Amino acid sequence: SNTVDWMTSAGSATAGVDYVASSGQVAFAAGEAEKIVSVSIIGDTTEEEHETFQVDIMLSQGSAAIVDASGTGTIENDETSVSIGDSTATEGATDFQFIETYIQSRATGLNATRSLHLSPDGFVYAGASVPPSVRKYHYDTGAFVGLVAEDVNLASSTYRGFVFGPDGDIYVADVMYERVLRFDAVTGVSKGEFVTSGLGGLDTPKDLAFGSDQNLYVASANSGEVLRYQGPFAADPGAFMGVVASAANGGLGSPDALTFGPGGDLYVSDGSTDSVLRVDGVSGVVDTFVQPAAGGYDASSAGGLQFGPDRTGDGNPDLYASSYNTDSLLVFDGVDGSLAQTLLPTGLGGLYRPTGFVVEPDGNLLVASIGGPDKVLRFAEESTAVFTVTLSKPSAFPVSVDYTTQDQTATTASGDYTTQ
């Protein structure tokens with residue numbers, strides 16, 4: 001017979017903390033070839049790497065030769081761990097890349113997102129057509145905060161565009177009831193109809209914008225007009241003021257999205273011609289700014305139109321536009337309306353039926369994609385280094401990770417990168 005003594009010894013694991021220090025003896029009778037040694041592991045809730053300890057053996061009786069005197073025990077961490085991957089960025093590259101799915105819209109009940117806004121209070125607001133609501137998300141994380149504009153009395157309402165007014169309230173276009181609703185942006189409490197149903201011929205309002213005159217401009221799709229109403233600080237808030245653009249004045253067919261340019265002119269996407277019209281802010285004269293279908297532009301049902309950072313190099317803001325049926329986002333020269341760039345090519349990052357979007361302070365883009373599962377996607381230039389932070393498994397509790405940059409061969413002093 002052979003008798004073997006054994007005992008544990010520490011590796012990266014610590015006796016009394018990670019495992020129970022143990023020792024013992026096993027004896028092999030004639031005909032036996034295997035015995036079991038057990039060591040108790042001490043569980044904890046500390047996030048840590050896998051750790052190891054040893055079980056060492058020596059022959060105390062018999063003639064068997066020891067060919068492997070040590071066995072390694074590995075204690076696998078069963079808590080959630082976090083890691084960060086490497087990243088490569090192309091210096092000076094201006095083409096855009098997909099970064100992440102910022103919001104899984106349906107996970108928070110968001111459906112058919114037509115408008116996105118980044119507010120001064122540091123939150124992203126997203127409008128949902130069905131159910132009719134405006135929803136609030138943390139800008140840093142994309143986490144859902146809550147509802148801020150919901151018509152609980154008329155579930156059959158259908159929201160399209162919304163905008164923050166000069167008074168800080170939220171104004172929402174309701175296409176079902178041909179009206180504009182008003183909500184307190186902080187409490188979400190309804191303040192009722194700002195523009196009453198059908199006022200001034202309002203028919204299927206799709207988008208709205210406040211001008212420098214603090215009055216409200218509304219795209220009335222089925223009447224083929226842009227209508228103007230007195231703003232919240234006027235003598236008669238919500239009162240009809242007149243028609244700004246129509247078939248007779250500028251050849252407007254089906255207005256979809258509105259935005260004001262840096263010079264005070266109003267820009268209107270026309271879904272009937274896939275063009276963008278411009279209304280002079282002083283004279284009211286209407287002309288075609290973006291020619292029909294320029295660069296494959298499809299203005300139908302889009303809702304995404306706004307000025308953003310210069311992409312042509314002339315120092316002037318350029319016009320960004322969602323192209324709905326081509327699953328892309330285009331940039332037009334902010335001076336002459338010519339195609340400057342297909343900023344987001346067809347289907348980039350799963351982009352499908354893009355609508356509203358936000359140009360972030362750092363130039364990145366948040367874009368609503370409503371084809372298939374609704375979501376909000378984030379894009380950035382390829383000169384942006386994108387690092388992925390990963391949990392080893394989903395955690396039962398929220399996990400926050402702080403990060404900072406540190407110079408290596410690239411330095412901030414030499415202008416190689418900027419800190420966040």
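**Reading this protein, feature by feature**

Q: What share of contacts in the protein, between residues at least 6 apart in sequence, join residues at least 24 apart?
A: The share is 47%, where contact means heavy atoms within 4.5 Å. This is a predicted model, so local features need pLDDT of at least 70 and side-chain atom pairs count only at pLDDT 80 or more, while totals for chains, interfaces and linings use all residues. Residues are numbered from 1 along each chain as its sequence is written, and side-chain values use heavy atoms, with hydrogens and water left out.

Q: How many helices and strands does the secondary structure of the protein have?
A: Helices (H or I, at least four residues) and strands (E, at least two) are DSSP runs, numbered from the N terminus. Here the protein has zero helices and 30 strands.

Q: Is the protein spread out or compact?
A: Compare its radius of gyration (over C-alpha atoms) with the globule rule, 2.2 Å times the number of residues to the power 0.38. For 420 residues the rule gives 22 Å, but the protein has 31 Å, so it is more spread out than a compact globule. The box filled by its C-alpha atoms is roughly 110 × 50 × 40 Å along the principal axes.

Q: What percentage of the 420 residues are buried?
A: Buried means under 20% relative accessible area, exposed over 50%, and partly exposed in between (1.4 Å probe, protein chains only). Buried residues come to 43% of the 420.

Q: How many aromatic pairs does a search of the whole structure find?
A: Rings of Phe, Tyr and Trp (its six-membered ring) pair if their centres lie within 6.5 Å; planes under 30 degrees apart are stacked, over 60 edge-to-face, the rest tilted. The search finds 12 aromatic pairs. Take Tyr19 and Phe53: the ring centres are 4.6 Å apart and the planes are at 20°, so this pair is stacked.

Q: Which parts of the chain does the pair of Tyr19 and Phe53 tie together?
A: Tyr19 sits in the loop between strand 1 (2–10) and strand 2 (23–28), and Phe53 in strand 3 (residues 51–61), so the pair ties together parts 34 residues apart in sequence. Tyr19 is buried at 1% relative accessibility. Phe53 is buried too, at 7%.

Q: What kind of aromatic pair do Phe98 and Phe379 form?
A: They form an edge-to-face pair, with 5.9 Å from centre to centre and 65° between the planes. Phe98 is in strand 6 (residues 96–103) and Phe379 in strand 29 (residues 375–381), so this pair links distant parts of the chain, 281 residues apart. Phe98 is partly exposed, at 31% relative accessible area. Phe379 is buried, at 0%.

Q: Which residues do ring pairs link into a cluster?
A: Tyr125, Phe162 and Phe164 are linked in this way.

Q: Where does Ala13 lie, and what is it in contact with?
A: Ala13 lies in the loop between strand 1 and strand 2. Its relative accessibility is 1%, which counts as buried. Leaving aside neighbours within four places in sequence, Ala13 is in contact with Asp18, Tyr19, Glu51, Thr52, Phe53 and Ile75. So that list takes in both rings of the stacked pair, Tyr19 and Phe53. By C-alpha atoms, Ala13 and Ala33 are separated by 30 Å, and they are 20 residues apart along the chain.

Q: Where is Met7 found, and which residues does it touch?
A: Met7 is in strand 1. At 47% relative accessibility it counts as partly exposed. Beyond residues up to four places away in sequence, Met7 touches Ser22, Ser23, Gln54, Val55 and Asp56.

Q: Is Ala239 buried or exposed?
A: Ala239 is buried, with a relative accessible area of 13%. It lies in the loop between strand 17 (225–229) and strand 18 (240–245). Not counting residues up to four places away in sequence, Ala239 touches Leu199, Arg228, Tyr229 and Gln230. Ala239 and Asp256 are 17 residues apart in sequence and 22 Å apart, C-alpha to C-alpha.

Q: What is the phi of Ala293?
A: Most residues other than glycine have a negative phi. Ala293 has a positive phi, near 60°. Ala293 lies in the loop between strand 22 (286–290) and strand 23 (305–308), and is partly exposed at 42% relative accessibility. Arg353, not a glycine, also has a positive phi, of about 60°. Arg353 is in the loop between strand 26 (339–344) and strand 27 (354–359).
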